[in-house]
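Hi everyone, thanks for coming.

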Amino acid sequence: MSDRLTRPTPAETSPGVTRSAEPELSRSLSSRHIQLLAIGGAIGTGLFMGSGKTISVAGPSVIFVYMVIGFMLFFVMRAMGELLLSNLRYKSFTDFSADLLGPWAGFFTGWTYWFCWVVTGIADVVAISHYVTFWWADAPLWIPALACILVLLALNLPTVKAFGETEFWFALIKILAIVTLIVVGLVMIFTRFSSGDGNVAGFNNLWEHGGLFPTGPMGFVAGFQIAVFAFVGIELVGTAAAETKDPEKNLPRAINSIPLRIMLFYVGALVVLISVVPWDEFSADESPFVGMFALAGLGAAAAVVNFVVLTSAASSANSGIYSTSRMVFGLAHDGDAPKAFGRLSRRKVPQNALFFSCTFLLAGVVLLYAGESVSAAFTLVTTISALCFMFVWTIILLSYLVFRKRRPQLHNASTFKLPGGVVMVYVVLAFFAFILWALTTQADTLHALLVTPIWFALLGVVYAFLRRTPLHQARVAEYKAMAAAERAALTTHPEAAK
């Protein structure tokens, strides 16, 4: 391994951080970029399209579903933030997972995260094709899908600052759309707006159509399945850490704003939606954002919202292509991916990794013609994606547990500690176990749950061969020596753990 970096602490001399002759990514993402990137990652296709199904199966209790998920994932993000800031040479969570859990964790986390975003991108391509039919009903679905992929590639080939600007405006459109929807919805509620079928807008719609839990306990449980997908990308700020200006200031600010974003963009929007239009009027196959205006007779507004929803899906896919290219770039320098993916263009963009990820999005074109409907295809890929993201979130939490045990002095020195510490880690892990059980209660999500292990089996086969290479044997030996040295240091100086 290279000694390119001079490290003052044992935490920084690890196979997860040391990369041989690695070209540097450019730290060009400013505070406004990282803030909007965090918001854009948290507000994706799952909220705009997936919430239609969530409302139809859970009713008004979907509000509590989003609150619970958001509450739990906030602690995952705080754990990630503490780990990233404990060593600014960490470029993403794959670095600290390899550092703390071993090289295998970096390999499985990096490639699974790549797979997560490719699958999410496929879901977004499916959603975009569906939204285009709002204006072009007879359009062959493959045309908007292919056009989307080409546009995404064009958006990511320039500098990272160009990506940051694009995502900044994408996210701003989403924010303005949701805020506008909330304001318009509140006006409709307080003026007792009545639609053509006799429904009157009012907060009483939250409980007068069967109560807050009209579909019973199992309906509430079923709401967690598709709702989890709405939060994928919330960890995107961790992927962008290596290209963020002043990470010690900007990362905590972005992470700490998560609860406010969830209350406004998820809870606020859903309360207004279900108050204006009773939950049992929404269709699982339609975006409730479009449906609310359509049922109110505002056809032009529905068209505008449909455009916003389309840009939201494009934004999510755009973020996914960005993150996968950076992940593959890092994997290449760890010896976990072909070396060609570790090269940067003259503008410091990993273009080979970009082309690689975009190629796999073509699977979305095929998926459009498989299954019973767009909704069925969307459910399949989003469930697989959510499961893989949960694996990544779990690795982050496991890394935190090892961090607390082996490097207590760094935790004590941290200015951005995880609230609740180790206790909250186990609470969130128990919640993830509950989500896995919830996925077994419905046939469509159970099918995806049974298929997902195939990915990890394939990774296991590849890693079984990869770990025999001299580079990986050296990394494993270095990791074991590092862990032994840290344990010995704590034994010799127990006061460091206090």
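**Helix contacts and aromatic rings**

Let's begin where two helices meet: Leu449, Leu450 and Val451 in H19 touch Pro453, Ile454 and Trp455 in H20. Before I go on, please keep in mind that this is a predicted model. H19 covers residues 443–451 and H20 covers residues 453–466, and their axes are 5 Å apart at an angle of about 10 degrees. Angles under 35 degrees count as roughly parallel, so that is how H19 lies relative to H20. What classes of residue make up the contact of H19 with H20? There are six nonpolar residues, and no polar or charged ones.

Staying with this part of the chain, let me point out Thr383, which is found in helix H16, residues 374–406. Is Thr383 buried or exposed? Its relative accessible area is 1%, and under 20% counts as buried, so Thr383 is buried. Setting aside neighbours within four places in sequence, Thr383 is in contact with Leu439, Thr445 and Ala448.

Now for the rings. How many aromatic pairs does the structure hold? The count is 34. A pair of aromatic rings is described by how far apart the centres are and by the angle of the planes. Take Tyr66 and Tyr266: their ring centres are 5.4 Å apart and their planes are at 35 degrees, so this pair is tilted. Tyr66 sits in helix H3, residues 62–86, and Tyr266 in helix H11, residues 258–276, so to speak a link between distant parts of the chain, 200 residues apart. Both partners are tucked away: Tyr66 is buried, at 0% relative accessible area, and Tyr266 counts as buried at 1%.

For another pair, look at Phe220 and Phe224. Here the centres are 5.2 Å apart and the planes are at 85 degrees; over 60 counts as edge-to-face, so that is the label for this pair. Phe220 and Phe224 both lie in helix H8, residues 216–227, and are four residues apart, about one turn of the helix. Phe224 counts as buried, with 2% relative accessibility.

Last, two places where an arginine meets a ring. The charged end of Arg78 sits over the ring of Phe416, 4.0 Å from the ring centre. Arg468 lies over the face of Phe465, and there the distance to the ring centre is 5.5 Å.

That's my tour. Happy to chat about any of these spots!

Technical notes
Residues numbered from 1 in each chain as written. Predicted model: local features only at pLDDT ≥ 70, side-chain atom pairs only at ≥ 80, totals over all residues. Heavy atoms only, no water. Phe/Tyr/Trp six-rings, centres within 6.5 Å; stacked < 30°, edge-to-face > 60°. Buried < 20%, exposed > 50% of the residue type's maximum accessible area, 1.4 Å probe, protein only. Lys NZ or Arg CZ within 6 Å of the ring centre and 35° of its normal. Axes fitted to C-alpha atoms, helices over the stretch in contact; angles between N-to-C directions. Parallel < 35°, antiparallel > 145°, perpendicular 65-115°, else oblique. Contact = heavy atoms within 4.5 Å. Nonpolar A, V, L, I, M, F, W, Y, C, P; charged D, E, K, R; others polar.
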